Amino acid sequence: MILLDVDGPLHPWAANPKPDRYRLFEIKAGWRRRLRVWLDPDHGRQLRQLAQDTGAELAWATTWLHRANTEIGPRLGLPPLKVIEFHDATGWKYPAVARYAYERPLVWFDDDFGLHASRREEFVHKRRRLTTALIHVDPATGISAQHLAEARKAFSGHL
Ligand SMILES: [Mg+2]
């Protein structure tokens with residue numbers, strides 16, 4: 001599994017200035033409100049290639065939930081992906097991801113692994129016999145070639 005967060009890894013909201021390869025999209029977020037989102041259109045191709053080469057399934061793990069498929073995926077050239085829904089307010093994304101990934105090898109791009117440290121430890125401990133790569137992506141850079149290489153390395157024991 002390759003799990004994708006949007007804000008941070010795909011939309012480097014903290015980058016200033018935004019790297020050249022990013023394009024600005026204004027996404028409607030309700031009556032009159034628009035979100036300014038920076039996306040690198042090449043990320044879609046890079047992530048599809050990663051999934052194909054590693055035999056992994058891409059899925060969304062983002063508070064954008066199903067809107068990731070309507071607003072973000074098409075702008076990156078990603079097909080509709082499974083959306084992991086979060087129902088446990090106390091454990092951040094960990095409980096839902098643990099259930100969805102189950103025993104599958106997991107690479108996860110996010111900028112907020114620092115939240116809920118004890119739930120994180122529990123999550124990693126329960127998956128200690130499974131490939132579990134929590135790849136922190138700085139929201140000032142977004143996913144880079146280095147992060148993608150790290151993902152390939154994590155999966156390499158399972159090819
Ligand atoms: Mg984020």
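Which residues of helix 2 (residues 67–76) are buried? They are Ala-68, Asn-69, Glu-71, Ile-72, Gly-73 and Leu-76, where buried means under 20% relative accessible area, exposed over 50% and partly exposed in between, with a 1.4 Å probe and protein chains only. The structure is a predicted model, in which local features need pLDDT of at least 70 and side-chain atom pairs count only at pLDDT 80 or more, while totals for chains, interfaces and linings use all residues. Residues are numbered from 1 along each chain as its sequence is written, and side-chain values use heavy atoms, with hydrogens and water left out. Helices (H or I, at least four residues) and strands (E, at least two) are DSSP runs, numbered from the N terminus.

- Five strands form an open sheet in the order 5-4-1-6-7, with parallel pairing; two strands pair if DSSP finds at least two bridges between them.
- Strand 5 and strand 7 (132–136) are the edge strands, each pairing on one side only.
- Three bridges connect strand 1 and strand 6 in the parallel sense, and Val-107 in strand 6 is the bridge partner of Ile-2.
- Strand 6 and strand 7 run parallel and are joined by five bridges; Leu-106 has Thr-132 in strand 7 as its bridge partner.

**Helices on the sheet**

- A right-handed β-α-β unit is made by strand 6, helix 4 and strand 7; right-handed means that, with the strands pointing away from the viewer, the path from the first strand over the helix to the second runs clockwise.
- Helix 4 lies across strand 6 and strand 7, at about 145° to strand 7; axes are lines fitted to C-alpha atoms, for helices over the stretch in contact, and angles run from 0 to 180 degrees between N-to-C directions.
- Helix 5 (residues 145–155) also packs on the sheet, where it touches strand 1, strand 6 and strand 7, and its direction makes about 160° with that of strand 6.

- Gly-77 follows helix 2 and has a positive phi, near 80°.
- Gly-44 is located in helix 1 and is buried, with a relative accessible area of 0%.
- Not counting residues up to four places away in sequence, Gly-44 touches Leu-76 and Leu-78.

**Nonpolar cores**

- The largest nonpolar core has 30 residues, of which Ile-2, Leu-4, Leu-47, Trp-60, Ile-72 and Phe-109 touch the most other members; such a core is a set of buried Ala, Val, Leu, Ile, Met, Phe, Trp, Tyr and Cys residues joined through side-chain atoms within 4.5 Å.
- A second, separate core of 15 residues includes Met-1, Ala-59, Trp-92 and Trp-108.
- Apart from neighbours within four places in sequence, Leu-47 contacts Leu-4, Leu-10, Leu-58, Leu-78, Phe-109 and Leu-148.

**Magnesium site**

- Asp-5 (OD), Asp-7 (O) and Asp-111 (OD) are the protein donors of the magnesium ion, 2.1 to 2.2 Å from it; donors are N, O and S atoms within 2.8 Å of the metal (3.2 Å for Na, K and Ca), and sites may look incomplete because water is not among the atoms.
- Asp-7, in the loop between strand 1 (2–4) and strand 2, and Asp-111, in the loop between strand 6 (106–110) and helix 4 (117–126), are 104 residues apart and link distant parts of the chain.
- The donor spacing along the chain is D-x1-D-x103-D.
- Asp-7 is partly exposed, with a relative accessible area of 27%, whereas Asp-111 is buried at 9%.

Key:
Contact means heavy atoms within 4.5 Å.
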